[in-house]
Amino acid sequence: MGNKQKYAVLIKTEAKRLGFLSCGISKAEFLEEEAPRLEKWLNNKMQGEMHYMENYFDKRLDPTKLVEGSKSVISLLLNYYPSETQQDKDAPKISKYAYGTDYHFVIKDRLKQLLHFIKEKIGNVHGRAFVDSAPVLDKAWAAKSGLGWMGKHTNLLTHQVGSFYFIAELIVDLDLEYDGPTTDHCGDCTACIDACPTKAIVEPYVVDGSKCISYFTIELKEQIPTEFKRQFDNWVFGCDVCQDVCPWNRFSKPHREPLFNPHPELLSMSRKDWEEITKETFNKVFKNSAVKRTKFSGLQRNIQFLKD
Ligand code: B12
Ligand code: SF4
Ligand code: SF4
């Protein structure tokens, strides 16, 4: 076994031990296929008010411009599929990914541990840890390294565990053995496209971000356009519809990450509790959650938007 292969095995074994669902490795290089797609998406203004998506176009497509001397992108998945969901079927809905502690903190910590391990076992490796917010095309890298395929709803998914997981990566200046992509198993299915409440999946594999409920309820700082009234299917933070209807998500398995467990009160909150939510309850129930990012005023705007 050569060093590249030996180190790749070592890293993947440690990633599993740290609780990651899976780990795949790609050569750090320009993402040729994604470049025209990202350009088109931006030209069509599908980023809406998410102006950060317009920045660092070159770095977003080429990790060697983001991390000097980088050779490999190590992609990692972390499962967040909960064993229980909200009990009141009429209550405003929170996306499953936001039930527990904000994933940025949980994953960043785990990534640092993995990087530390690499430095300790392999040597003087330079690298950086990324999760979500950096100019990195998380899904494209995970797909390139065989961790799943990008479905028609554009999320990364697999046969084995569906799509309810986060994606993160380490970009390092270490040569490793690279994995190849897997195949697309969407076939003739159009369940996600048909079910999307705001028709945001404008064509297979293309989501118009500016029409997605997740964008309206989390990213948009202004008022939600009234033309979308009564189309939110009761979602107040994110939206899971395209994933909930995906046949491959029948194979989702509950996570085993205690930090992703919801505050005990969250799942039992009734519709009435939501409508009467106070700042104190908000601060308590969403103490460390990603929901905190919309602030109390943002959540109230979203709850209000569902009315009449
Ligand atoms: C901006 C963003 C959003 C925006 C825009 C969504 C989008 N699809 O881009 C909004 C706010 C709407 C959003 C919503 C959600 N998001 Co988001 N989001 C991101 C972010 C920050 C950037 C994504 C991006 O680069 N978009 C730009 C466009 C160009 O990319 P794209 O839609 O992925 O487009 C690709 C495909 O369309 C493909 N393509 C185009 N044409 C064709 C044709 C063919 C044939 C093929 C095969 C492919 C293809 O190429 C494009 C470029 O790769 C990433 C984190 C990151 N840094 O990557 C998280 C991320 C994608 N989001 C994530 C999640 C969990 C969500 C939500 C499920 C949250 C929720 N429950 O509310 C929803 C899902 C909505 C959806 N169906 O996509 C996860 C996805 C995990 C996974 N399993 O895939 C990520 C990776 C965050 C993370 N690190 O875990 N998100
Ligand atoms: S998250 Fe909801 S609104 Fe966004 S594309 Fe999926 S189903 Fe449509
Ligand atoms: S619902 Fe169907 S089309 Fe959409 S991602 Fe899942 S398998 Fe693919």
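Predicted model: local features only at pLDDT ≥ 70, side-chain atom pairs only at ≥ 80, totals over all residues.
Residues are numbered from 1 along each chain as its sequence is written, chains are lettered from A and ligands numbered from 1 in the order in which they are written, and side-chain values use heavy atoms, with hydrogens and water left out.

Q: Why does the radius of gyration of the protein agree with a compact globule?
A: The radius is taken over C-alpha atoms, and the globule rule is 2.2 Å times the number of residues to the power 0.38. For 308 residues the rule gives a value near 19 Å; the protein has 20 Å, so the two agree. Along the principal axes, the C-alpha atoms fill a box of roughly 65 × 40 × 35 Å.

Q: What makes D102 count as buried?
A: Buried means under 20% relative accessible area, exposed over 50%, and partly exposed in between (1.4 Å probe, protein chains only). D102 has 5% relative accessibility, so D102 counts as buried. Of the 308 residues of the protein, 50% count as buried.

Q: Why is Q300 called partly exposed?
A: Its relative accessible area is 37%, which is why Q300 is called partly exposed. Q300 lies in helix 12, residues 295-306. Its C-alpha atom is separated by 9.5 Å from that of T278, 22 residues apart along the chain.

Q: Which side chain makes a polar contact with the side chain of D102?
A: A polar contact is a pair of N or O atoms within 3.5 Å; within protein, one must be able to donate a hydrogen and the other to accept it, and residues adjacent in sequence count only if both atoms are side-chain atoms. The partner of D102 is the side chain of H104, at 2.7 Å.

Q: Which residues is D102 in contact with, leaving aside its neighbours within four places in sequence?
A: Contact means heavy atoms within 4.5 Å. On that basis D102 touches N288, S289, A290 and R293. D102 itself sits in the loop between strand 3 (93-94) and helix 5 (103-122).

Q: What are the helices and strands, and how many are in the protein?
A: They are DSSP runs numbered from the N terminus: helices are H or I with at least four residues, strands are E with at least two. The protein has twelve helices and ten strands. Helix 2 gives the most to the shell around ligand 1, with four residues.

Q: Which residues come nearest to ligand 1?
A: A residue is near a molecule if one of its heavy atoms lies within 4 Å of it. Of the 35 residues around ligand 1, E34, D132, K139, L156 and Y205 come nearest. A polar backbone atom of L156 is 2.7 Å from an oxygen atom of ligand 1. A polar side-chain atom of S95 lies 2.7 Å from a nitrogen atom of this ligand.

Q: How many nonpolar, polar and charged residues does the shell around ligand 2 have?
A: Ala, Val, Leu, Ile, Met, Phe, Trp, Tyr, Cys and Pro count as nonpolar, Asp, Glu, Lys and Arg as charged, and the others, Gly among them, as polar. The shell around ligand 2 has eight nonpolar, one polar and no charged residues. Its members include C196, T198 and C242. The shell around ligand 3 has seven nonpolar, two polar and one charged residues.
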